[in-house]
Amino acid sequence: MSKCCAIAPLFALLALLPPAATAAEVEESYQFASAWEDSYDSEVFLLQSITLDPERELVSPANKYLSADAEATTLSFRAESGFSSPRACSAESDIGISNLTLEASSNSGLFFAGGEISLSSVTLLIGAETAADTPLFVGESGVSLSKVTIDLTACGADAFTSGLSFTLFETGGEAFSDDVLNDISLIGADGATTHAALSLADGGQSLILTLTPEPGSATLCLLALAALSLRRRRPKD
């Protein structure tokens, strides 16, 4: 048998194999959606800041690793009120996010991983439009955090007055330990961080951010309640 005859079956076998996973470079929102749902694009690189306004949940059948080509690159989630899914992006397996800023201006959660979700060197922007009734990040097998910053600069005074709570991370795997709180930094304008606190809930399965009322606002509320109480107790003429 000649060498050509021996090699031919090998090439035929290689042609049947699926293509190797590739990396996608993204500059527009439609490119992001396509890359996220493509099972062969395991790595997604943002070449510039983009705004994602999906009409449906973007689902990946494979692992996804999301990062940016340069510092201060922002992926903004601005789903409109008609977006009914509880999350914007999900993957059947793992999700890794690094060196990126995420702006949570959406009425939904951001990422759901059927496996583990990990964040490293990530800044999360919390504002008035951030969903307060659904977890932002969920990892069914676990959540790993390293050098995560929560930026409250976009939060208005009303957000702190109302005492909102946000479920930032939720794990279906090993519970969070108190040490994880040391891996998260809070920043904000006008002393915002003094009116915000991180804590664990649900037996350590959830990591919560709570905006506490400002002292001045709390005092006004107490005075208003006291005045109302006195008014009700005032005897009739």
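Student: Where in the chain is D69 found?
Tutor: In this predicted model, D69 sits in the loop between β5 (64-68) and β6 (74-77).

Student: Why is D69 called exposed?
Tutor: The relative accessible area of D69 is 55%. Exposed means over 50%, so D69 with 55% qualifies.

Student: What makes R56 and E37 a salt bridge?
Tutor: Their closest N and O atoms are 2.6 Å apart. The rule asks for a side-chain nitrogen of Lys or Arg within 4 Å of a carboxyl oxygen of Asp or Glu, so the pair of R56 and E37 at 2.6 Å meets it. The pair links distant parts of the chain, with R56 in the loop between β3 (50-52) and β4 (58-60) and E37 in helix α2 (residues 29-37), 19 residues apart.

Student: Why are R56 and E37 both called partly exposed?
Tutor: R56 has 47% relative accessibility and E37 has 29%. Buried is under 20% and exposed is over 50%, with partly exposed in between; therefore R56 at 47% and E37 at 29% are partly exposed.

Student: How do you know that E57 and R87 meet in a salt bridge?
Tutor: The N to O distance for E57 and R87 is 3.8 Å, and the limit is within 4 Å. Because E57 lies in the loop between β3 and β4 and R87 in strand β7 (residues 87-91), the pair ties together parts that are 30 residues apart in sequence. R87 is partly exposed, at 23%.

Student: What makes E103 and R78 a salt bridge?
Tutor: The closest N and O atoms of E103 and R78 are 2.7 Å apart, which again falls under the 4 Å rule. E103 is in strand β8 (residues 95-104) and R78 in the loop between β6 and β7, 25 residues apart.

Student: Are E103 and R78 buried or partly exposed?
Tutor: E103 has a relative accessible area of 16%; buried means under 20%, so E103 is buried. R78 is partly exposed, at 38%.

Student: How many salt bridges does the rule give?
Tutor: The count comes to 3.

Student: What makes the link between S106 and S108 a polar contact?
Tutor: Their side chains are joined at 3.0 Å, and the limit for a pair of N or O atoms is within 3.5 Å. S106 lies in the loop between β8 and β9 (109-113). With a relative accessible area of 4%, S106 is buried.

Key: Residues numbered from 1 in each chain as written. Predicted model: local features only at pLDDT ≥ 70, side-chain atom pairs only at ≥ 80, totals over all residues. Heavy atoms only, no water. Helix = DSSP H or I, 4+ residues; strand = E, 2+ residues; numbered from the N terminus. Buried < 20%, exposed > 50% of the residue type's maximum accessible area, 1.4 Å probe, protein only. Polar contact = N/O pair within 3.5 Å; in protein donor to acceptor, adjacent residues only side chain to side chain.
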